[in-house]
Amino acid sequence: MIYLDHAATSWPKPPEVIRAMVDLLERAGGNPGRSGHRLSIEAGRIVYAAREAVAEFFGAPDPMRVVFTANVTTALNLALRGLLRPGDRVVTSSIEHNSVMRPLRALERQGVRLTVVPCAADGRLDPGALARAVEPGTRLVVLNHASNVMGTILPVAEAATIAHDAGALLLVDAAQTAGVLPIHIMALKIDLLAFTGHKGLQGPPGTGGLVIAPWVDVTTLEPLVRGGTGSRSEFEEQPDLLPDKYESGTANSVGIAGLGAGVRFVQERGVEAIRAHELELARTLYDGLAGLPEVTVYGPPDAALRTGTVSFTVAGRQVSEFGLRLDEEYNILCRVGLHCAPAAHRTLGTFPQGTVRLAVGLGTTLAEVHTTLQAVERIIRA
Ligand SMILES: Cc1ncc(COP(=O)(O)O)c(C=O)c1O
């Protein structure tokens with residue numbers, strides 16, 4: 001089997017991740033941060049070690065400003081719904097995932113003023129266009145670091161400067177880049193970084209989080225959920241302590257143990273090495289597809305401007321046919337359609353049919369990429 005759906009979730013997971021999850025259940029199955037006995041303390045220690053690993057990985061000085069959530073969608077909702085009030089202005093791009101667009105459209109109905117800056121047809125965002133849209137007094141700029149549809153990387157460092165010059169915060173959706181591109185929140189000056197654990201970070205589903213930069217004033221960031229935290233239990237009001245303010249309810253300690261192991265695995269491999277590997281594969285894939293006259297490949301031709309995700313369509317053919325035939329006839333797993341990002345497909349001109357998306361990962365080989373290119377060509381010719 002050739003697995004080319006890493007943009008949806010990475011697979012297979014490193015054995016270290018699976019071992020860490022089993023180990024927690026077998027050896028440290030108490031409720032972290034709740035009881036005082038050894039099983040609870042050990043579970044709490046593992047969760048804290050994962051928090052430290054995530055903080056170090058993203059260059060965040062304070063592990064207590066790493067808030068664990070069920071996925072990046074929850075982290076994005078926490079930031080968007082926690083920060084934005086009626087009358088606030090928020091700016092985003094035209095290639096965002098629905099995990100940003102849907103909460104923003106709901107907030108717009110409640111009086112938040114939303115500006116969507118159009119990206120080019122290859123998904124690139126012109127920093128000049130962004131700067132013109134981010135008026136002084138804007139509350140938030142929210143951008144994905146890279147598109148999940150065609151892999152185009154957005155200029156988040158420039159966006160941070162633009163946001164800060166206008167007095168706004170920058171929220172980055174790093175679903176497609178955490179573990180795949182180097183991300184240092186202090187160097188890039190990212191205020192809020194939302195990540196998911198089950199893609200490039202090699203962790204299990206059900207994990208993710210929000211990393212909050214040290215300079216962000218959290219008094220104006222409301223929690224999404226309130227409840228038991230194991231701390232300040234004498235009060236009926238939500239505590240202000242971090243991360244407890246945003247982490248009510250029993251933590252997904254099993255998942256977080258796996259996430260911690262995934263982050264350590266990626267760190268040992270080295271993000272630069274992973275990036276170099278994926279860059280070569282994505283370049284070969286894109287160039288091979290672009291060489292077929294019937295095929296249109298999306299995203300910028302320069303591989304350095306993309307992640308390992310490549311999207312294409314074939315003139316006169318349904319994308320669903322390709323997904324099915326790659327799977328059934330060639331044992332190649334990919335994803336076709338709109339990839340939860342209709343805005344991105346409108347930008348590319350591929351709405352409503354969508355594209356065939358091939359997404360390489362750290363275990364993908366060059367031989368698998370060549371086999372896939374041959375399979376696509378055979379389906380076109382058959
Ligand atoms: C850019 C982007 N944002 C958000 C998400 C949502 O991720 P999750 O389902 O892990 O919350 C995805 C996942 O496909 C994504 O690619």
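**Ligand shell**

I began with the classes of the shell around the ligand: two nonpolar, eight polar and two charged residues. For this I counted Ala, Val, Leu, Ile, Met, Phe, Trp, Tyr, Cys and Pro as nonpolar, Asp, Glu, Lys and Arg as charged, and the others, Gly among them, as polar. The model is predicted, so local features need pLDDT of at least 70 and side-chain atom pairs pLDDT 80 or more, while totals for chains, interfaces and linings use all residues. Residues are numbered from 1 along each chain as its sequence is written, and side-chain values use heavy atoms, with hydrogens and water left out.

Next I listed who sits around the ligand: Asn71, Val72, Thr73, His97, Ser99, Asn148, Asp173, Ala175, Gln176, Thr196, His198 and Lys199. Near here means that a heavy atom of the residue lies within 4 Å of the molecule.

**Polar contacts**

I then looked up polar contacts, pairs of N or O atoms within 3.5 Å. The side chain of Gln176 has an N or O atom 2.6 Å from a ligand oxygen, and the side chain of Lys199 has one at 2.6 Å from a ligand oxygen too. For the side chain of Thr196 I noted 2.7 Å to an oxygen of the ligand. The protein buries 88% of the 390 Å² that the ligand exposes when taken alone, with areas from the Shrake-Rupley method and a 1.4 Å probe.

**Cavity**

A cavity is a set of points on a 1 Å grid over the protein atoms alone where a 1.4 Å probe fits but cannot get out, and its lining residues have an atom within 4 Å of a point. The volume, the space filled by probe spheres set on the points, is about 170 Å³ for the largest cavity. Its lining has 19 residues, and His6, Val180, Gly200, Glu278 and Val360 lie nearest the centre. I sorted that lining into seven nonpolar, 10 polar and two charged residues.

**Cysteines**

How many disulfides are there? I counted zero, taking a disulfide as two cysteine sulfur atoms within 2.5 Å. Cys334 is in none, and the nearest cysteine sulfur, in Cys340, is 15 Å away. Cys334 is buried at 17%, whereas Cys340 is partly exposed at 37%.

Technical notes:
1 Å grid on protein atoms, 1.4 Å probe; cavity = no way out; pocket = protein on both sides within 12 Å on 5 of 7 lines; lining within 4 Å. Buried < 20%, exposed > 50% of the residue type's maximum accessible area, 1.4 Å probe, protein only. Polar contact = N/O pair within 3.5 Å; in protein donor to acceptor, adjacent residues only side chain to side chain.
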